[in-house]
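Let's take a look at this one together, starting with a helix and moving on to the aromatic rings. Have the model open as you read.

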Amino acid sequence: MAGDLRDHESDILGQLKRIGARTSFVEAFAQRTRGETVSVDSKSQSVAGNPELIGVAFRAWGGTRWVESATVGIEPPVLASVADELLKRLAKNEVVGDPPGTSATASITADSPQSRPMRDMGSERALAWATEVHKWIAGEPSIGFGVTSLVWTEEERYYLNSAGADCFQRLDRVLANVFTVAVENGRSESCFESIGRIGGQEALGAITQEKVHTVCGVARSLLKTKAPPKGKMTVILDPGLTSTFVHESFGHGTEADQFLRNRSYLQPLLGKTLGPGSLTMVDDGTVPGGWGTMRFDDEGHPTQRTPLVEGGRFVGALHDRTTAAAFGTKATGNTRRSDFLSQPYVRMTNTLLEPGDWSYEELVEEARNGIVLERWMSGIEDPLGGRMQLKARAGHVIENGEVTDLVSSLVLSGSVLEFLRDIRGIGSAQYEDRSPGVCGKGHSDPLPVGGGGTYLLSSAVVGPA
Amino acid sequence: MIRAPMLASAVADWVGSLDVPWDVYAERARRFEIQLNGNRVEFVRGPLRLEGYGVRILTAVDGQTGVGFQASADFTPQGTRAAVETARAAAKFNRFPARQPELPATNAGAPTSPKILDPELWSDPARALDEEAAALLGSIDAQLLPPPTFATIRATLIETSIANSRGLAAAYAHTVVDREVAVKSEGGPEGRPPGEFWLEHLGRRIRLENLDAQVRDWYRFAADARRAVAPTTGETTVVLPPEVLSGILPPVLGFQFSGSALLRGMAVPRDTMVGTDTMDVTDDGVLDWAVRSSPVDDEGSAQRVRRVVSQGRSEEPFTDVLHANAVGTAPSGNAVRVGRGFSDEYWRKFTRRPVPGASTIILAPGDGGSDAELIEQVEDGIWVQQFGWANPDPVSGTFGGEVRIGYRIRRGRLAEPVRGGTVGGAVITRDGRPSVLNGVQAAGSAATLYGTLRSPTLVVKSLTVSGEA
């Protein structure tokens, strides 16, 4: 399809006007995506276009609640139909007053093309790239299976509302992943390396033969590892685990819609000191190339850098228009929809831990005995209970201030507040977390989130996983 | 019975002139949602409409099969033609080690029609959601409990149709309901944070069975979380109910018994001892009200019941047409198109190609009696009610997660609540190392469907527990 979503501006505005006659506020979110997925494994190879999907959601204030309808398609009859359905919903409610918070009024355009867009690579070259990377895997001993995949998407997001906001942005994402499985005597262990960026072909340079060799080596080594130690102990999180901790364990508790539900263990602690003076955590939707970067959010507010913890003190939360109004502050540009069929919620963008002043060697020496958790796999939030759960693919035992044995996958658990209180050191080197994260709001609405961090020394319960 | 229209036929008319095997999978879906904040409705959504199709083209390339695929939501003649051309162009790049795979034919067998559509929901979805939300709040209020911190009910109404070059024309309508409810307990003991129980439930019907009893349990778990303590570290007998096992067994067994794993050298070999010698496991694609049940699988083969483990030994793999052909067996009716995960796993399926996968894993009940009788058999152990997430690893076959709420078992009785710490171990092993499957000490006499698993409660004799002490 030629052109972009702005070609439909007058059609969308026409429907906003119709709906706006029945309510004090209405907004439209339109989205268009396309892309391609390429994968090569030891048995097959595949190139497939991702579906070109285009759709729109209308959200209106219904007096006491938000009401919404959405559809695939954007042609005038489709827009009229979805607007009709919303009007039927509104007819059931007596619309009184304005919605909570401040409606965006800005016009924002973020339409800069990538210098080397993935689209220009073409299917044949994309397949050749994946095939070449796969050859690196095929040459590794004991690797029974490997897959190299490359996914790129071009996305347009277009936001209009009855208060005059008119915002358009283009988000081109590229994701590359190498997954390897070592197989021996009926046992299988895996490891992966992945990158996810807003960007173009230049992002693929982060997948190197050395990294592929490393992930193959980790998978192979895991076949012969012992079970990890268990119980409460000193732990060092690697930068990926730290980033996952900041997002899953801490960040979800700063989403202020949980405050409105009285469902955040952090809410009563705003303004309180939670960790050492060197502890700083932020959410930043403006990180260049970040996997969770956007120019504006899905209520039309610009994204920003929002400090969550500064100097060890819990200083800020993430807000949409509703929570900002409830807590007497401003929206932070964190309202996100997974897509046009998904609900807008308060969500994180890129969450980061800023570096401290310890070298890795100093952290290990300080730990004396414990474990380094490496290669994050997952995490899950507990916004009310304040517990944490992080899974690592591997770890290294620390004995007498020395890094020793590799151990297999493990899970970390504990109280987030105790973990923060017990921080004894923060690494001095900042690592950009290129691993593409996928975040759900509870059990729904997955979307891309980025992160970054460094090594972090504290204590927690560790067990096998 | 509600018949789904053959949306796929509209596309098939344009694909049909091709001289290579093809299929079309089409989906027309509507979703409705209601979200509560306390006892207040804060958001009502729907209809959220989605229509689309995926075209797959199979061409012979160098003795293998080039699989071209393109999904689209454009049903115009130009849009359909573009999707077909893109799929055909992609096929020439693609290779899959199947020789002459045969798509299912019109007369592929008389499919069983499981119950997969809730007529109350289908007839008036917005009203059904309103009533279910009111029923939830009514039950809570009647039991003098505080309102939930939040609740979301999502209902998706789907018409699925499949057509192919061998004349297959299958269509069915179905409903999927997923809900999240979080309830909180405040008050004593002094200084302890609030306790929460956070339910996630996936099913096909709008009404939750035994709602009052379930509500009572959720609040009890939340209250118990306040006074719970971390478990002690060690190897311990662990009791796992079906709602916990559903987060552990299907992801691991679904992969390790798949044709995909078999083709790539990662599957459990046939006739391997993986369970206790009384353990029977089947996969059932036609179980009533199960979320992966349907008359045909996602490429049109009749769904059926097949044995996975018999008396502890592994049996046939799950296959779709392509993998069955590649590994030299017959398709088992296990082609699955998985949506994008989370609550979107059961719609948007037209955007995905079929791969081999399990339907509903069934563990046969044992003779251990009721849950109370199973507990009586445990001298010292832990009942896990909920993990944060069990983190199953399909490849290594291990799992491990934090206990969000559980109970210590002392001398055959449930004792103090447990929270924090981790429980983990192997789900399945092939060399006799301890696992959930070969460590079953007792299995309950009744099985319950939860998500993609129907299972009794299992007493597993030794899993690793990590705690504060």
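Below are some notes on one helix and on the aromatic contacts in this predicted model.

## Helix α2 of chain B

Helix α2 of chain B covers residues 77-91, which is 15 residues.

Which residues of α2(B) are buried? They are B:G79, B:T80, B:A83, B:V84, B:A87, B:A90 and B:A91. Looking down the axis of α2(B), these buried residues fall within an arc of 135°, so they line one face of the helix. The cover over them includes β2 (45-61) of chain A, along with α1 (7-15), β2 (40-61) and β3 (64-72) of chain B.

## Aromatic pairs

Searching the whole structure turns up 11 aromatic pairs over all chains. Take A:Y158 and A:F168: their ring centres are 6.0 Å apart and their planes sit at 70°, so this pair is edge-to-face. A:Y158 is in strand β5 and A:F168 in strand β6 of chain A, so the pair ties together parts 10 residues apart in sequence. Both A:Y158 and A:F168 are buried.

A:Y360 and A:Y455 make a tilted pair, 4.7 Å centre to centre with 50° between the planes. This pair links distant parts of the chain, 95 residues apart: A:Y360 is in helix α8, and A:Y455 is in the loop between β21 and β22 of chain A. A:Y360 is partly exposed at 26% relative accessibility, while A:Y455 is buried at 18%.

## A cluster and two charges

A:F25, A:W61 and A:W66 form one aromatic cluster. A:F25 also has the charged end of A:R321 over its ring, 4.6 Å from the centre.

Conventions
Residues are numbered from 1 along each chain as its sequence is written. Chains are lettered from A and ligands numbered from 1 in the order in which they are written. This is a predicted model: local features need pLDDT of at least 70, side-chain atom pairs count only at pLDDT 80 or more; totals for chains, interfaces and linings use all residues. Side-chain values use heavy atoms; hydrogens and water are left out. Helices (H or I, at least four residues) and strands (E, at least two) are DSSP runs, numbered from the N terminus. The expected span of a helix is 1.5 Å times one less than its number of residues. Buried means under 20% relative accessible area, exposed over 50%, partly exposed in between (1.4 Å probe, protein chains only). The arc is that of the directions from the helix axis to the C-beta atoms. Contact means heavy atoms within 4.5 Å. Rings of Phe, Tyr and Trp (its six-membered ring) pair if their centres lie within 6.5 Å; planes under 30 degrees apart count as stacked, over 60 as edge-to-face and the rest as tilted. A charge sits over a ring if NZ of Lys or CZ of Arg is within 6 Å of the ring centre and within 35 degrees of the ring normal.
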